[in-house]
Amino acid sequence: DLAAHVARRLDCLAEDAPALMLALSGGRDSVVLLELLRPLCAVRGIRLAAAHVHHGLSSHADAWAAFCEALCRRHAIALATVRVRVERSASTSIEAAARDARYRALASMARDAGIATVVLAQHADDQAETVLLQLVRGAGPRGLAAMPERRIADGVTWLRPLLAIPRAAIDAYAAAHSTAFVDDDSNASRRFRRNALRQDVIPAIREI
């Protein structure tokens, strides 16, 4: 049960934690997590806010921001949105640059709102892809440890309550609850290493 799993993950927070800020992209994973957090936060008396980072890298970025605004308005959830400039360089991939800009923006929005915990929607498949990417890069033990479920950095606590949940379980939840979300068309592009691993390498590993 996804709701029970997320509830147990929230138990690691201090009992007096007054608020959470969810990183809301508008994609399936973050929207499902929003649906799971809403009743849990209401029961626990936790104020739930959301943050959307507009990277400006897709022609659909404005529509994704509008989707998040409408979703949060419908559920009376405060939403902070910020546009970031993704600095490109020969030594840094666009994926890494966008990720760094996103985390900086999320930490800043949380601090500005006086919220100590940012909730992220990465799941077990994301974790597996991250480990493989780090392996390909020749990372050492620290890199191969990949994403922690809970980490304190940049003045906030980062919490990933879905990190042990497979993508298939989130897909099933979204289908069962007719969850509306946006789909980033760049996820199908093999020019990004993570997508190539997701589409070509991981299915082969699963088959083995």
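Predicted model: local features only at pLDDT ≥ 70, side-chain atom pairs only at ≥ 80, totals over all residues.
Visitor: What radius of gyration does the protein have, and what would a compact globule have?
Guide: The radius is taken over C-alpha atoms, and the globule rule is 2.2 Å times the number of residues to the power 0.38. The C-alpha trace spans about 45 × 40 × 35 Å along its principal axes. For 208 residues the rule gives a value near 17 Å, and the protein agrees, with 17 Å.

Visitor: What percentage of the residues of the protein count as buried?
Guide: Buried means under 20% relative accessible area, exposed over 50%, and partly exposed in between (1.4 Å probe, protein chains only). Areas come from the Shrake-Rupley method with a 1.4 Å probe, and for residues only the protein chains shown count as cover. The accessible surface of the protein comes to about 11,200 Å², with 52% of it belonging to carbon and sulfur atoms. Of the 208 residues, the buried share is 44%.

Visitor: What share of the contacts with a separation of 6 or more is made by residues 24 or more positions apart?
Guide: A contact means heavy atoms within 4.5 Å. Among contacts in the protein with a separation of 6 or more, residues 24 or more positions apart account for 74%.

Visitor: How far apart are the mean positions of the positive and negative charges?
Guide: Lys and Arg count as positive and Asp and Glu as negative, while His and the chain ends are not counted. Each charge is placed at NZ of Lys, CZ of Arg, CG of Asp or CD of Glu. For the 27 positive and 23 negative charges of the protein, the mean positions are separated by 4 Å.

Visitor: Is His52 buried or exposed, and which residues does His52 touch?
Guide: His52 lies in strand β2 (residues 47-54), and its relative accessibility of 3% makes it buried. Ala65, 13 residues away in sequence, is 6.9 Å from His52, C-alpha to C-alpha. Not counting residues up to four places away in sequence, His52 touches Leu24, Ser25, Trp64, Ala65, Cys68, Leu79, Ala80, Thr81, Val82 and Met109.

Visitor: Which residues is Ala97 in contact with, leaving aside its neighbours within four places in sequence?
Guide: Ala97 is placed in helix α4 (residues 94-113) and is buried, with a relative accessible area of 9%. Its C-alpha atom is 29 Å from that of Ile77, 20 residues apart along the chain. With neighbours within four places set aside, the contacts of Ala97 are Val86, Glu87 and Thr92.

Visitor: Where is Ala164, and which residues is Ala164 in contact with beyond its neighbours within four places in sequence?
Guide: Ala164 is in the loop between β6 (156-159) and α7 (167-176), and at 52% relative accessibility it counts as exposed. Leaving aside neighbours within four places in sequence, Ala164 is in contact with His5 and Ala124.

Visitor: What is the phi of Asp154, and what is that of Ser178?
Guide: Asp154 lies in the loop between β5 (150-153) and β6 and is exposed, with a relative accessible area of 52%. Ser178 is in the loop between α7 and α8 (193-207) and is exposed at 64% relative accessibility. Neither is a glycine, yet phi is positive in both: about 55° for Asp154 and about 50° for Ser178.

Technical notes
Residues numbered from 1 in each chain as written. Heavy atoms only, no water. Helix = DSSP H or I, 4+ residues; strand = E, 2+ residues; numbered from the N terminus.
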